[in-house]
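Notebook open, structure loaded. I want to jot down what I looked up, one topic at a time.

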Amino acid sequence: MIYGYDGTFMGYLSAVYHGWHQGFSQIEDICRESVQPLFGDWTRVKTEEECAEKVLAALDKNCGRKAVHILYYAFLTEDPQKERELLLFLREAFRYKKEILAHRHICPVWSVCERARAVSRERHRMLGLVRFRELRGGLLYGGIEPKYPVVPIMADHFMRRLPQETWVLHDRKRKTAVYYDGKEAVLGTVPELNEDMEEAGKEKEIAALWRAFYQAISIPERKNESLRRQNMPKKYWKYLPELAPEKSY
């Protein structure tokens with residue numbers, strides 16, 4: 001049986017839950033509804049939070065919190081092959097239980113761990129590159145275009161760093177954002193963005209200070225453009241006031 005889901009993590013786990021109770025080893029594959037296969041028995045599974053939570057609880061109990069962490073991070077990769085690999089990882093996880101991460105020589109375990117590591121690196125990179133700018137009214141806005149949809153897993157960092165501020169962390173590539181009002185964070189969609197958002201009066205001065213600071217600490221004799229792009233790809237520059245043209249960030 002091939003199970004279709006809505007593309008969300010909890011939807012995927014709901015499919016795992018229903019497949020598990022029909023016979024875990026009998027699941028042929030899990031795929032998004034939008035890529036329904038032409039051949040094979042296919043059924044759509046509705047997202048059920050309670051069922052998804054049971055899968056997570058079982059994975060946590062049998063394999064440990066790190067296995068749960070790896071599964072979620074690996075899910076955030078946007079590869080059409082990920083669902084199959086995650087399914088194989090889960091089969092091995094419930095087979096080896098607490099010892100699962102000692103079996104990285106098994107292809108699906110290695111592959112899922114590498115996916116999770118790539119997402120973790122992107123989160124770490126984005127945490128260092130986010131530049132919030134203050135809009136009129138006091139809202140802090142941070143726009144980014146990460147390789148993976150890491151905005152949800154970045155929110156906790158800024159909730160700790162900016163606990164009393166109101167801010168938005170916006171994934172402009174996927175049109176999703178986390179909004180924090182000083183009490184709780186909410187993930188939502190931003191279908192349209194006003195590119196002429198009015199900034200607080202001091203923002204131009206702050207951006208100018210960023211550029212002045214960047215120029216002041218640079219050493220022309222040690223300039224290495226190749227290494228620079230390797231450590232910080234050019235695709236991220238437009239949201240950095242120290243590197244981007246004025247008002248492009």
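Predicted model: local features only at pLDDT ≥ 70, side-chain atom pairs only at ≥ 80, totals over all residues.

Started with what covers the buried residues of α1: the cover includes β1 (2–5), β2 (29–32), α2 (49–63), α3 (65–75) and α4 (82–96). For my own record, contact means heavy atoms within 4.5 Å, and buried means under 20% relative accessible area, exposed over 50%, partly exposed in between (1.4 Å probe, protein chains only). Helices (H or I, at least four residues) and strands (E, at least two) are DSSP runs, numbered from the N terminus.

Residues are numbered from 1 along each chain as its sequence is written, and side-chain values use heavy atoms, with hydrogens and water left out.

Back to α1. Which of its residues are buried? I get Phe-9, Met-10, Gly-11, Tyr-12, Leu-13, Ser-14, Ala-15, Val-16, Tyr-17 and Gly-19. The helix covers residues 9–23, 15 residues in total, and its first and last C-alpha are 21 Å apart, close to the 21 Å expected at 1.5 Å a residue. The expected span is 1.5 Å times one less than the number of residues.

Next, helix packing. The axes of α2 and α3 come within 6 Å and cross at roughly 135 degrees. That makes α2 oblique to α3. On the α2 side I listed Leu-56, Leu-59, Asp-60 and Cys-63, and on the α3 side Arg-65, Ala-67, Val-68 and Leu-71. By class, this contact has six nonpolar, no polar and two charged residues. The axes are lines fitted to C-alpha atoms, for helices over the stretch in contact, with angles from 0 to 180 degrees between N-to-C directions. Under 35 degrees counts as roughly parallel, over 145 as roughly antiparallel, 65 to 115 as roughly perpendicular and the rest as oblique. Ala, Val, Leu, Ile, Met, Phe, Trp, Tyr, Cys and Pro count as nonpolar, Asp, Glu, Lys and Arg as charged, and the others, Gly among them, as polar.

Then the backbone. Lys-97 has a positive phi, near 55 degrees, and is not a glycine. I found Lys-97 in the loop between α4 and α5 (107–129), partly exposed at 37%. Lys-175, also not a glycine, has a positive phi of about 60 degrees. Lys-175 sits in the loop between β6 (167–171) and β7 (176–180) and is partly exposed at 44%.
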